[in-house]
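Here are my notebook entries on a structure I have just opened.

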Amino acid sequence: MVITIPEMMITSSEGPRPVPVIAMGTAVESVITGIEVVTPSTLIEAIKVGYRHFDTAAVYQTEKSVGEAIAEALQSGLIKSRLGLFITTKLWCNSCDRHLVVPAIKQSLKNLGLEYVDLYLIHWPLKLNIQDDFKGNVPSEGIAAIDMKAVWEGMEECQTLGLTKSIGVSNFSSKRIEQILSFAKIPPAVNQIEMNPHWQQKKIIEFCKVNGILVTAYSPLGGAGNNVLGHDRVMKCHVLQDIAKSRGKTLAQISLRWLYEQGVSIAVKSFNTERMKQNLDIFDWTLTEEELYKIDQIPQRRHFYLIGTMVTEHNDIMAEIDAELD
Ligand SMILES: NC(=O)c1ccc[n+]([C@@H]2O[C@H](COP(=O)([O-])OP(=O)(O)OC[C@H]3O[C@@H](n4cnc5c(N)ncnc54)[C@H](OP(=O)(O)O)[C@@H]3O)[C@@H](O)[C@H]2O)c1
């Protein structure tokens, strides 16, 4: 049975436009370790199960696989037209310069084999003066502050040129979004951030709601199993375990359902067919007030910090971004 995924609306060049609330994530450890790869056949499996939204990024090196899967799905008739899919990709920090933004999206489109993406995000509010792909430890001299106005102009140009339907940001604090809103001709449609029951992000969710920006939750299961970028605090959480047991659901479903009830969209990654299905089976039941209260009480702890992931030593620019995201 193919599950139909509900949609939420975001701003776009065509006015309000629907986005499927659950995206299949495609960030894997291969970015750093080369351990796990994304094959087009896995993504075809996801389309068969019902996924229509794919979340990729230049830095994940998964755009080509996503593109091959799309081409195959269209050719085989699994998807009737490109309009049936929603593709998100992201501007990597080494292209966060006014003159590099349009070439970067064009390269992503080439990788994807597409004429446009549905959503293009600034991956981090950070500029890296290094051409190498991200390998997890950036030299200090390669780190620079982003010129937000100039880069956002580049993002707006991407949308004006029809290379993307919507533009947005990722890992942005409300302070940085306010900065964009002060000069934007096209306001951001989306802010993609780390969010799950262990990092509930209530303040930024409220800020985005007030400003008509859809929040997308990444690492909704804590990135479980990803030794480099993830943790197991969500998947081993006793509160979620107890609720899952009493409701006859899996812990992952409780976490995803909780996110859905917060009014956000979700990027969740699974390359296992049963878990792909399970993660979509969250739309015909609700959490009770008591369950929501218990989840509300979970001690909060953010996982992803630039310092410790991208650099090992202190760096002022990264420290500022890390502090703003708390
Ligand atoms: N904007 C950003 O900076 C940013 C950062 C991180 C992630 N993201 C995006 O968000 C996506 C999702 O985040 P994520 O990949 O960090 O982590 P996640 O979706 O929270 O967790 C993925 C892990 O959970 C496992 N899993 C999935 N469903 C499960 C289930 N029902 N039961 C048990 N285990 C399950 C997966 O293993 P199996 O594959 O074996 O099922 C995988 O190891 C990424 O792929 C990426 O597209 C964006």
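I looked up tyrosine 60 and found it in the loop between β4 (53-55) and α2 (63-76). Helices (H or I, at least four residues) and strands (E, at least two) are DSSP runs, numbered from the N terminus. I keep in mind that this is a predicted model, where local features need pLDDT of at least 70, side-chain atom pairs count only at pLDDT 80 or more, and totals for chains, interfaces and linings use all residues. Residues are numbered from 1 along each chain as its sequence is written.

I checked the record next: UniProt, in an unreviewed entry, places the feature "active site" at Tyr60. Such annotations may be inferred rather than shown by experiment.

Is tyrosine 60 buried or exposed? Tyrosine 60 is buried, because 23 other C-beta atoms lie within 10 Å. (Buried takes 20 or more other C-beta atoms within 10 Å of the residue's own, exposed 12 or fewer, partly exposed in between; C-beta atoms are placed from the backbone.)

I moved on to aspartate 55, which sits in strand β4. Aspartate 55 is buried too, with 29 other C-beta atoms within 10 Å. Leaving out residues up to four places away in sequence, aspartate 55 touches Ala23, Met24, Gly25, Thr26, Thr88 and Ala267; contact means C-beta atoms, placed from the backbone, within 7 Å.

Last, I turned to the ligand. Of the 30 residues around the ligand, Gly25, Gly223, Gly225, Ala252 and Ser270 come nearest (near means a C-beta atom, placed from the backbone, within 6 Å). β12 (265-268) and α9 (273-280) are the elements that give two or more residues to this shell, and α9 has the largest share, three residues.

Note on methods
Two residues are in contact if their C-beta atoms, placed from the backbone, lie within 7 Å.
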